[in-house]
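Reader: I have a chain to look over before I set anything up. Can you take me through it by question and answer?

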Amino acid sequence: MNSPKSPTRPGACDKDVQALLVRLRCPTPLHGLRTLLLGHIASPRLDVSPMAPLAQAWGGELPEFASAEEVEEVMQVIVQGLWNRLSEHQSTRNPFRLPRFEVSPTRQALHDLARTRAQELKGFVDGLFGTDDEMLLPQKAHEAVVALAELHAMFAGAAGLLADESKPAPDQELKGLLRNMQQMTIAADEQINKAVQSCKRARGQRLETMATVMSRKIMSAGDRDSEERDLSGRDNEEPDFIESPLSQTVTRNGVTVRVDIYGDSNGRWILEIVDGENTSHVWDEHFETDQQALNEALRALDEEPLEFLGRGAKQPLN
């Protein structure tokens, strides 16, 4: 039996988004909002929400809505529509592409194209960073952001030159510039998708790390409770993590911490340092060997001892 076709969700097309942005006087154009939202979706942060980039789009604060119906319209058109469509580009089978449109090789048309591309690339990076000035990105995402910054500078530079009527713009040079900008657009697509996929992997790894650390702590607490109560019939299965024999208490530069190293589900090693305040510092990076994890812990204690001082440290720094 055939199922009835689901009704089209309100706000499922860019035309509706554009109309809403105009009516609510959003200073960010649709093409900039699209990449701003995509950048926020791709961000390695775990607290992803459509409300933060929407506030960015309106200059830092959401506009005052006239009614509850207007709020519902924003949710349907932008969140349930545009945001959800953009989220689908996290799949490698559905990569993101900057919109293509017919461009004639004229000064004005190329100026508009260069300005649009510059706004799109700025939007993506702004969404990726959110309100943070700095962010620790995975290596491939960092490389992609650097490449996008270079492309943004090239597009912005081209827009500035084309806006200057005192600069000559022969037809042949304009045709060549159009070809260059088309190639730059392809490169921008590649770097945006590289950043999206790299950050997606980093989020997955971070969630796995959090789950492994939590599982270990819960299991350790359960073991202690079991010893205290001496319960009968306890399941004696081995825990689903492997703790390295290199786990140990370490004192460096007058700072005493507990270094815990344990395996993840992919044969690599998670590093956790518990300081004197019982604060856990877990590395996002997973290490190929437990010795590498220990070396990293010792390096951090040598180079950044104040990070692990805590109130429980009994000795001052050397």
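This is a predicted model: local features need pLDDT of at least 70, side-chain atom pairs count only at pLDDT 80 or more; totals for chains, interfaces and linings use all residues.

Reader: What percentage of the residues in the chain is buried?

Author: Buried means under 20% relative accessible area. The chain has 318 residues, and the buried share is 41%.

Reader: How much of the accessible surface belongs to carbon and sulfur atoms?

Author: The total for the chain is about 18,400 Å². Of that surface, carbon and sulfur atoms hold 51%.

Reader: How do α1 and α4 lie to each other: roughly parallel, roughly perpendicular or oblique?

Author: Helix α1 spans residues 14–23 and helix α4 spans residues 68–87. Their axes are 10 Å apart, at an angle of about 135°. Roughly perpendicular covers 65 to 115 degrees, and roughly antiparallel starts over 145. The pair is therefore oblique.

Reader: Which residues of α4 meet α1?

Author: α1 passes α4 in a left-handed crossing. From α1 come Asp14, Asp16, Val17, Leu20, Leu21 and Arg23. The contact residues of the two helices divide into seven nonpolar, six charged and no polar. On the α4 side they are Glu70, Glu73, Val74, Val77, Ile78, Leu82 and Arg85.

Reader: Is serine 244 buried or exposed?

Author: Serine 244 sits in the loop between α7 (171–229) and β1 (248–252). Leaving out residues up to four places away in sequence, serine 244 touches Ile261, Tyr262, Trp269 and Asp290. Its relative accessible area is 4%, and the cut-off is under 20%, so serine 244 is buried.

Reader: What is phi of arginine 25 near?

Author: Arginine 25 lies in the loop between α1 and α2 (30–42). Most residues other than glycine have a negative phi. Arginine 25 has a positive value, near 55°.

Reader: Does arginine 25 count as buried or exposed?

Author: Exposed means over 50% relative accessible area. Arginine 25 has 72% relative accessibility, so it counts as exposed.

Technical notes
Residues are numbered from 1 along each chain as its sequence is written. Side-chain values use heavy atoms; hydrogens and water are left out. Axes are lines fitted to C-alpha atoms, for helices over the stretch in contact, and angles run from 0 to 180 degrees between N-to-C directions. Helices (H or I, at least four residues) and strands (E, at least two) are DSSP runs, numbered from the N terminus. Angles under 35 degrees count as roughly parallel, over 145 as roughly antiparallel, 65 to 115 as roughly perpendicular and the rest as oblique. A crossing is left-handed if the near helix is turned anticlockwise from the far one by less than a right angle, and right-handed if clockwise. Contact means heavy atoms within 4.5 Å. Ala, Val, Leu, Ile, Met, Phe, Trp, Tyr, Cys and Pro count as nonpolar, Asp, Glu, Lys and Arg as charged, and the others, Gly among them, as polar. Buried means under 20% relative accessible area, exposed over 50%, partly exposed in between (1.4 Å probe, protein chains only). Accessible areas come from the Shrake-Rupley method with a 1.4 Å probe; for residues, only the protein chains shown count as cover.
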